[in-house]
Amino acid sequence: MSSALVHISIHDHVATVTLNRHSAGNAINEAMAFALRDALTDLSQSGEVRVLLVTGEGSGFCTGTDLPNLTNPELLSDTLKNHRISDAFAALTKPVIAAINGDALDQGLELALACDIRVASATARLGLTQVEAGFMPWDGGTQRLPRLVGRGRALEMILTSRRIDAQEAMSMGLVNMVAEPDQVMNSTLKIAQTIAAHGPIAAGYLKEAVLKGMDLTLEQGLRLEADLNFILQTTSDRAEGIQSFLQRRSPDYGGK
Amino acid sequence: MVGSDMTHPTVLYSKKGNVAHVVLNRPRVINAYNMQMRDELYESLAAAKDDTDVRALVLSGSGERGFCAGADLTEFGTAPSLAIARQVRWERDIWGLFLSIRKPMIAALHGFVIGSGVEMACLCDVRIASENAVFSMPEVALGMVPAAGGTQTLPRVVGAGTALELILTNRSVAASEAKELGLVHQIVANGDLMMTAISLAEKLASRDPAALSAAKSALVDGLDMHLDDGLRLEKRLAMKAKSSE
C-alpha cells in the first residue's frame, strides 16, 4: 500500500496516510495523486481500518500542487483530472481526520476540506491562494470552503488569497482544534483512536447522514436519518452498544 | 396515550399568560426520553401549537441533575418489528411536530444535556444554558446514530465540521464552549435559568404573533430553498404579515 510518495501505516484500526515529498512542501504531483487514490481505494476496502488520518512528512502539511508547464492548454482538463484527489477523500465512508502539521495551502487545504475533522498546528497557515496566481481553486475549494465557514468568509479568503493562521481558522470553524506543533500528531491520534473504538458502521452512517443531509431539505434529511437508524437496528454492533451501556462495560464492535 | 401512566406524567404542561411551559419530568433518570414521554410530549406540543393563546414556548427539564440524559436505552429493541417501528416513527412524528410549530421555542438547558437532549434543544429556536450545562452526543459510541433529528439539525446549528467531530468522538462540551460553537446563545448563572427563559418568552409573546410566525417560517423554510425562492417566500410572508396588522 505504501509508496515512495505516500506512506501508509496501520495500527489499531487507524491508518495514517503521510504525504511524502518533504523537499517540495509535500506538494501533490501527478504520481502522488495516483498513489493517494490507490491507497484510499485499498484502505476503504480494508476490514482492519476504521479511521484514516492524513498528514504531511516533516514540518509541512501540503503546500499545493506541482502542475506541469502546459504548453498546450487543451491538456489542462486531463491534467487537473489526474491531479484531483479531494473527491477520493470525500467518497470514503470511514471517518478521515487531517493532522495539519504545517502549512495547508491551495490543493493542500482543499484536501483537508474533504476530511471530516481538522486538527491544526498552532504555527500552520491555511489558504486558497490560486487567484493570486491567475487561477482558481479546482479541487473542491470553491464548494467546500463556503459550506464550512460561510459564503462571506470564503469569498474573502479566496478573492484576496489571504493565508490565515490556525487560531483564525479555529475561530471560523475551519479547523476543529489547534495544537502545539509537537502535539499535533498526538492530539489527532487520540481523536482517531477514540473514533476507532466507536461503532464503525454507525460512524459511516453518521457521515452519510450529516454530509448528504446538508444537500437535502430538512424534511428529506430527517427521512434519511430515520431510515439509516432502522437499517442500523439490524446490526449486531448496535445491540452490542446498548448491551455494553446497560452492563456498564466498554463495547467491543465487530463492524457487523 | 396507550400505556401512559397518568399518575406519573413524564411531561408537565402549563400555561401562564401567553407562554406555554413544557417540562420533561423524569428527574430520577435525568429526564431520559422514553415512549411515554414521546406520547406526552406529542400531546403537549400539539396543544401548544393549536392554542392561539400560546405565543411562545419554553422547554426545560425537571430536577437538579440535567435537562435530558438522552434516550432511555432500556426500552430499545422493544418494538415488535422494524416495519412497525418505522410505521410508528412517522405516525407520531414528534420531531416533525417540533418543526411545524411556528411560534418561538426556547430551550432552557441545565446540567446533563445528552443525545436526544441536545437534539430537542436543536429543534428549538433559542437555546439558553446555565453555567453547569454539559453537552454530548454519545450515539456513535453506542453503535447507533442520532435519531431525534440531530444528524440534520446539529450541522445546521454549528456547521458540519463541528457536528461531525462532536458526534464521532462523543466529546463533552461545557457551556462556555457551547456558546463559542453557537450551540447555545446565552449562558446564565445556574439559579437564573428559568427566570431568563420565561422572561424572554414573555417578551416574545408580547409581540405580534403573525410577525413572529412569518419571520420564523421565512428562516426555517427559506433555508431549504434556493436563494431566489427564499426571497420570493420572504416577500410573500412580509406582505401577509403587514396586511394582518
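**Figure 1. Four strands of chain B side by side.** In this predicted model, chain B has an open sheet of four strands in the order β4-β6-β8-β9, and the pairing is mixed. Look at the edges: β4 (66–68) and β9 (173–174) of chain B each have a single partner strand, so one side of each is left without a neighbour in the sheet. If you're wondering what holds such strands side by side, strands of a sheet pair through backbone hydrogen bonds, either parallel or antiparallel.

**Figure 2. Zooming in on β4 and β6 of chain B.** How do β4(B) and β6(B) run, parallel or antiparallel? They run parallel, and two bridges join β4(B) to β6 (residues 112–114) of chain B. To find your way around, pick out C68(B): its bridge partner in β6(B) is V113(B).

**Figure 3. A buried strand in chain A.** Now we hop over to chain A and its strand β3 (residues 51–56). Six of its six residues are buried, so β3(A) is largely enclosed by the rest of the structure. Follow the strand along and you'll see V51(A), L53(A) and T55(A) pointing one way, while L52(A), V54(A) and G56(A) point the other way. Whichever way they point, all of these residues are buried.

**Figure 4. The strands that pair with β3 of chain A.** Strand β2 (residues 14–19) of chain A runs parallel to β3(A), and six bridges join the two. Within this pairing, V17(A) stands opposite V54(A). How does the chain get from β2(A) to β3(A)? It crosses through helix α1 (residues 30–45) of chain A, and this β-α-β crossover is right-handed. β3(A) also pairs with strand β4 (residues 96–100) of chain A, again in the parallel sense, over three bridges. Here L53(A) stands opposite I97(A) of β4(A).

**Figure 5. Stepping back to chain B as a whole.** Count up the secondary structure of chain B and you get 10 helices and 10 strands. Its radius of gyration is 18 Å, close to the 18 Å that the globule rule gives for 245 residues, so chain B is as compact as a globular protein of that length. The C-alpha trace of chain B spans about 50 × 45 × 45 Å along its principal axes. Of the 245 residues in chain B, 46% are buried. For the complex, the predictor gives an ipTM of 0.93 and a pTM of 0.94.

Conventions:
Residues are numbered from 1 along each chain as its sequence is written. Chains are lettered from A and ligands numbered from 1 in the order in which they are written. This is a predicted model: local features need pLDDT of at least 70, side-chain atom pairs count only at pLDDT 80 or more; totals for chains, interfaces and linings use all residues. Two strands pair if DSSP finds at least two bridges between them. A residue is buried if 20 or more other C-beta atoms lie within 10 Å of its own, exposed if 12 or fewer, and partly exposed in between; C-beta atoms are placed from the backbone. A crossover is right-handed if, with the strands pointing away from the viewer, the path from the first strand over the helix to the second runs clockwise. The radius of gyration is taken over C-alpha atoms; the globule rule is 2.2 Å times the number of residues to the power 0.38.
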